[in-house]
Amino acid sequence: MATDIQTPNPVKNNKAGIDLTLDYHAHILPGCDHGSNSLRTSLAQIAMAKAAGIRTICATPHFYPDRESVGAFLARRQETYELLLPELDHDDPAVQLGAEVLICESMERLKDLALLCRQGTNELLLEMPFYRWPDTIWDTMYQLHEMNEISLVIAHADRYPPEDIEQIIQEGIKLQLNAECLTKPLRRKRYLRWIEAGCVQYLGSDIHQLGPGYRDWEKCTKLIQKGLGQEKNKRP
Ligand SMILES: [Fe+2]
């Protein structure tokens with residue numbers, strides 16, 4: 001049984017300063033959201049993570065503020081975590097608790113928002129909408145960014161229009177990328193540029209069910225470890 005919360009590897013094993021043994025964004029709690037439909041699926045996901053060299057997984061089930069309270073979500077998350085925990089072996093990746101929080105208008109007023117931060121930190125993994133962000137959503141994001149008790153991390157920044165992300169970068173807000181984004185040669189250069197500039201703090205699998213979440217993890221981490229300089233040299 002793995003009960004210890006491992007602090008993410010402090011040794012930054014690449015010049016981008018990203019802990020490549022930490023999966024910052026994963027849907028692995030059995031039945032907590034649509035990421036895993038059973039304990040069996042969760043254990044298979046964790047086995048894949050382990051094989052990919054991951055030592056810590058942050059479990060980030062979806063939190064939709066229009067569907068439930070923070071308290072109800074946390075109770076549900078704890079329940080599913082307790083189903084998983086006794087099944088983990090001592091050499092399995094450690095599982096931390098977090099949430100992928102969908103932004104909604106005026107969210108800065110949501111009670112207990114800080115309880116959704118990644119365990120032991122003040123980092124809130126924020127999911128932006130997949131439609132053009134209206135001014136009200138931008139306003140909310142800026143309000144959240146100004147809150148002292150939380151520090152924003154934008155979930156899967158590779159899935160949004162790059163011009164919006166460039167604006168977020170200007171604000172000094174941290175980014176999480178899905179590792180698979182580096183497998184796309186057309187866009188890789190942009191993501192490596194963000195990584196190189198120190199705008200990306202975390203990689204995630206964003207694994208759902210037994211999807212391709214960890215398939216390219218090793219390839220991507222090797223690319224980060226070795227490829228940054230090469231991409232830089234290739235740049236016009
Ligand atoms: Fe996700």
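Here are some numbered notes on the predicted model above, for reading alongside the structure.

1. The mean pLDDT of the protein chain is 89, and 89% of its residues reach 70 or more.

2. **The overall make-up.** If you count the secondary structure of the protein chain, you get six helices and nine strands. Of the 236 residues in the chain, 37% are buried. Now look at contacts with a separation of 6 or more: 74% of them link residues 24 or more positions apart.

3. In soluble globular proteins, nonpolar side chains tend to be buried together. In this model the largest nonpolar core has 56 residues, and those with the most contacts inside it are I57, L124, L126, L152 and I154. Which helix gives the most to this core? That is helix α6 (residues 217–234), with four residues.

4. **A closer look at I57.** Leaving out residues up to four places away in sequence, I57 touches D23, A26, I28, I46, A49, P93 and V95. Two of these names, I46 and A49, come back in point 6 as buried residues of α1.

5. **The open sheet.** Six strands form an open sheet with parallel pairing, in the order β3-β5-β6-β7-β8-β9. Which strands stand at the edges? They are β3 (62–63) and β9 (200–204); each has a single partner strand, so one side of each is left without a neighbour in the sheet. The partner of β3 is β5 (residues 100–102), which runs parallel to β3 and is joined to it by two bridges. If you want to find one of these pairings by eye, H62 has E100 in β5 as its bridge partner.

6. **Helix α1.** Helix α1 (residues 39–51) has 13 residues, which at 1.5 Å a residue should span 18 Å, and its end C-alpha atoms are 18 Å apart, so the two agree. Its buried residues are S42, Q45, I46 and A49. They cover an arc of only 95° around the axis, which puts them on the same side of α1. What covers them includes β1 (22–26), β2 (56–59) and α2. The face turned away from that buried side carries the exposed residues R40 and A51. After α1 comes G53, with a positive phi near 95°.

7. **Helix α5.** Helix α5 (residues 185–196) has 12 residues and reaches 17 Å from its first C-alpha to its last, close to the 16 Å expected at 1.5 Å a residue. Following α5 is G198, whose phi is positive, near 80°.

8. Most residues other than glycine have a negative phi. D112 has a positive value, near 65°, and D206 has one near 50°. Both sit in loops: D112 between β5 and β6 (123–127), and D206 between β9 and α6. Is each one buried or exposed? D112 has 11 C-beta neighbours inside 10 Å, so it counts as exposed. D206 has 25 other C-beta atoms within 10 Å, so it is buried.

9. **A last loop to check.** L85 is found in the loop between α2 (70–84) and β4 (94–97). Why does this leucine count as exposed? Because L85 has 12 other C-beta atoms within 10 Å, and the cut-off for exposed is 12 or fewer. L85 and V95 are 10 residues apart along the chain, and their C-alpha atoms are separated by 8.3 Å. V95 is also one of the residues that I57 touches.

Notes:
Residues are numbered from 1 along each chain as its sequence is written. A residue is buried if 20 or more other C-beta atoms lie within 10 Å of its own, exposed if 12 or fewer, and partly exposed in between; C-beta atoms are placed from the backbone. Two residues are in contact if their C-beta atoms, placed from the backbone, lie within 7 Å. A nonpolar core is a set of buried Ala, Val, Leu, Ile, Met, Phe, Trp, Tyr and Cys residues joined through C-beta atoms within 7 Å. Two strands pair if DSSP finds at least two bridges between them. The expected span of a helix is 1.5 Å times one less than its number of residues. The arc is that of the directions from the helix axis to the C-beta atoms. pLDDT is the predictor's confidence in each residue, from 0 to 100.
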